[in-house]
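Trainee: I am new to this structure. Please take me through one part of it closely, step by step.

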Amino acid sequence: MTAQKFRKKPIEIEAAQWDGTIDGATPVLDWIRANDGTAYLHRECGQGDSHLLIRTLEGDMIAQSQDWIIRGVQGEFYPCKPDIFAATYEAVSGGAA
């Protein structure tokens, strides 16, 4: 096998960063649900802080405080850690969706 190099295609996505608060969860959950996604707020479920549970194409995933929630090219939602998001995405000029 010979490994090949690939580059991500330049695509635009929508994303919102959750601040980790219960009040901050409301607009994120509303956005996900308004776009046919499924997500719930779990308040201090024995794991410490509250988190969001997001139904993804790969199963349920947890979003924690400061994670970005991404709406992908197929309309799917999934969480992304801030460092990965910063390394992968940059703002689009006129970036309000």
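**A sheet and its surroundings**

Mentor: Leu53 stands opposite Ile62 in strand 4. Start from that point, and remember that this is a predicted model. Strand 3 covers residues 51-56. Strand 3 and strand 4 pair in the antiparallel sense, over five bridges.

Now widen the view. The open sheet has three strands, in the order 2-3-4. Its pairing is antiparallel. Strand 2 (39-42) and strand 4 (59-63) are the edges. Each has a single partner strand, so one side of each lacks a neighbour in the sheet. From one strand to the next, the twist averages 25 degrees.

Next, look at the loop between strand 2 and strand 3. Ser50 lies there. Is Ser50 buried or exposed? Its relative accessible area is 11%. The cut-off for buried is under 20%, so Ser50 is buried. What does Ser50 touch, leaving aside its neighbours within four places in sequence? Its contacts are Trp18, Ile22, Leu41, His42, Arg43 and Glu44.

Then comes the helix. Helix 1, residues 22-34, lies across strand 2 and strand 3. Helix 1 runs at about 165 degrees to strand 2.

A pair of aromatic rings is described by the distance of the centres and the angle of the planes. The structure holds three aromatic pairs. One of them joins Trp31 and Phe77. Their ring centres are 5.1 Å apart. The planes stand at 90 degrees, so this pair is edge-to-face. Trp31 sits in helix 1, and Phe77 sits in strand 6 (residues 77-80). The two are 46 residues apart, so the pair links distant parts of the chain. Trp31 is buried, with a relative accessible area of 18%. Phe77 is buried too, at 3% relative accessibility.

Phe85 and Tyr89 form another aromatic pair. Here the centres are 4.9 Å apart, with 35 degrees between the planes. That makes the pair tilted. Phe85 is buried, with a relative accessible area of 13%. Tyr89 is partly exposed, at 22%. Trp68 belongs in this picture as well: ring pairs link Trp68, Phe85 and Tyr89 into a cluster.

Begin at Leu53 opposite Ile62. Pass Ser50 in its loop. End at Trp31 and its partner Phe77.

Notes
Residues are numbered from 1 along each chain as its sequence is written. This is a predicted model: local features need pLDDT of at least 70, side-chain atom pairs count only at pLDDT 80 or more; totals for chains, interfaces and linings use all residues. Side-chain values use heavy atoms; hydrogens and water are left out. Two strands pair if DSSP finds at least two bridges between them. Helices (H or I, at least four residues) and strands (E, at least two) are DSSP runs, numbered from the N terminus. Axes are lines fitted to C-alpha atoms, for helices over the stretch in contact, and angles run from 0 to 180 degrees between N-to-C directions. Contact means heavy atoms within 4.5 Å. Rings of Phe, Tyr and Trp (its six-membered ring) pair if their centres lie within 6.5 Å; planes under 30 degrees apart count as stacked, over 60 as edge-to-face and the rest as tilted. Buried means under 20% relative accessible area, exposed over 50%, partly exposed in between (1.4 Å probe, protein chains only).
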